[in-house]
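Me: I would like to learn how to read the features of a structural model, one feature at a time. Could you take me through this one?

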Amino acid sequence: MPVIRTLSKVAKQALMGTPGCGCQPLTVAVRSISFSPRQVTSDASFHSVSFSETDHPKVLITGGLGQLGVGLAKLLRMRYGKNNVILSDIRKPPNSVFHSGPFIYSDILDYKNLREIVVNNRITWLVHYSALLSAVGEANVALARSVNITGLHNILDIAAEHGLRLFVPSTIGAFGPTSPRNPTPDLCVQRPRTIYGVSKVHAELMGEYYHHRYGLDFRCLRYPGIISADSTPGGGTTDYAVQIFHDAIKTGKFECNLKPDTRLPMMYIDDCLRATLEVMEAPADTLSMRTYNINAMSFTPEELTQELQKQMPELEVSYEIDPVRQGIADSWPMNFDDSNARKDWGWKHDYDLPELVQTMLNYFREETRMARVN
């Protein structure tokens, strides 16, 4: 190890030049030399084989069994090839996910294991979805702090050390009651009051710091509430907008835990996944910032119910307000200003509220029909 440290010191001096000597820096024939914010451990596992670069990134998705991970993996595999996108999680995947492409166990709190996965699979892009959501995080603050903050630090250090392009999603929860709510711009007072929101502001600022300090290619989108037909609500404050479709098809009745006039920004999952792909593919020189708002529509439970009742007039909706979720929703933006994303890298949504409702109903009706046939 002393020899390695000495060689590293000499190489660094050669690149930087010797202060005060008036000498020009040496030209060194290497692709890049980066200095990690975290020291490389002596027992790290590396592959020492050379390989030729391809046009396609090699992508690792953490928290891949969540609402967005499986959908993004499918989109990226269609674009870059099945074997170039690896899903990872600490849970056992369903058979459909396990057989659809590479899957690997990965605990983001295990720094050494995470580094080995990145090195041994020659990862170039890292999409970090592992996080505890708003309502779940409030129920277990210690776990949320560990997963959302400590896990993020591991991800940042590994991404900086290995020169990865890193995507970390943020959220409407990164804003607070003192933020302008209608609309909410990219840059404003945030001050969230949930551990989920605090951890996301921390992720935004740490990612931008690593970009400026270490040159990390950090990219972040603040997602609104995401609506998807083929996922189970996971404890988020905006999940009522998914649950209402499940209950409408199954029972014709829905009990909402938010007030009928609670307005929040929302987006259909196809728009969300496409936005993620587009910002990851965007040339770095087109990005005027590293964290962007994105938006598609903004509605209330009452407006969603009215649109749904146009096709299901028998649907009955009642309201049993959850004070925790309502308090969270009242501190969040009512509408996002995403003009910078639209200007910088051409963001444009496809789904408004009528298209959203029609798409969701078509999915559930087809699912019900197939279940009856089977």
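The dialogue below goes through a sheet, some individual residues, a helix, the aromatic pairs and the backbone.

Me: What should I keep in mind about the model before reading any value?

Reply: This is a predicted model, in which local features need pLDDT of at least 70 and side-chain atom pairs count only at pLDDT 80 or more, while totals for chains, interfaces and linings use all residues. Residues are numbered from 1 along each chain as its sequence is written, and side-chain values use heavy atoms, with hydrogens and water left out.

Me: In which order do the strands of the open sheet of 3 strands lie?

Reply: Strands of a sheet pair through backbone hydrogen bonds, either parallel or antiparallel. Helices (H or I, at least four residues) and strands (E, at least two) are DSSP runs numbered from the N terminus, and two strands pair if DSSP finds at least two bridges between them. Here the order is β8-β10-β12, with mixed pairing. Strands β8 (225-227) and β12 (297-299) each have a single partner strand and stand at the edges, so one side of each is left without a neighbour in the sheet. From one strand to the next the twist averages 45 degrees, where axes are lines fitted to C-alpha atoms, for helices over the stretch in contact, and angles run from 0 to 180 degrees between N-to-C directions. Strand β10 (residues 264-268) runs antiparallel to β12 and is joined to it by 3 bridges; P265 has S298 as its bridge partner in β12.

Me: Which helices touch or lie across these strands?

Reply: Contact means heavy atoms within 4.5 Å. Helix α8 (residues 240-250) packs on the sheet and touches β8, β10 and β12, its direction making about 25 degrees with that of β8. Helix α13 (residues 353-373) also lies across β8, β10 and β12, but runs at about 85 degrees to β12.

Me: Is L264 buried or exposed?

Reply: A residue is called buried under 20% relative accessible area, exposed over 50% and partly exposed in between (1.4 Å probe, protein chains only). L264, placed in strand β10, counts as buried because its relative accessibility is 0%. Leaving aside neighbours within four places in sequence, L264 is in contact with residues including I172, L258, M297, S298, F299 and W332. L264 and P301 are 37 residues apart in sequence, with their C-alpha atoms 9.1 Å apart in space.

Me: What does the side chain of D89 reach?

Reply: A polar contact is a pair of N or O atoms within 3.5 Å; within protein, one must be able to donate a hydrogen and the other to accept it, and residues adjacent in sequence count only if both atoms are side-chain atoms. The side chain of D89 reaches the backbone nitrogen of L65 at 2.9 Å, and a polar atom of that side chain lies 3.4 Å from the backbone nitrogen of G64. D89 lies in strand β2 (residues 85-89) and, at 8% relative accessibility, counts as buried.

Me: Which residues of helix α4 are buried?

Reply: In helix α4 (residues 111-120), the buried residues are Y111, L114, R115, I117, V118 and V119. Their cover includes β1 (59-62), β3 (103-105), β4 (125-128) and α6 (141-161).

Me: How many aromatic pairs does a search of the whole structure find?

Reply: Rings of Phe, Tyr and Trp (its six-membered ring) pair if their centres lie within 6.5 Å, and planes under 30 degrees apart count as stacked, over 60 as edge-to-face and the rest as tilted. The search finds 11 aromatic pairs. F167 and Y223 form a tilted pair, 6.2 Å centre to centre with 40 degrees between the planes. This pair links distant parts of the chain, with F167 in strand β5 (residues 165-167) and Y223 in strand β7 (residues 217-223), 56 residues apart. Both F167 and Y223 are buried. The rings of Y209 and Y214 have centres 6.5 Å apart and planes at 90 degrees, so this pair is edge-to-face. Y209 is partly exposed at 42% relative accessible area, and Y214 is partly exposed at 29%.

Me: Where in the backbone is a cis peptide bond found?

Reply: A cis peptide bond joins N182 and P183, with omega at about 0 degrees, and P183 is placed in the loop between β6 (170-171) and α7 (195-214). R191 lies in the loop between β6 and α7 and has a positive phi of about 50 degrees although it is not a glycine.
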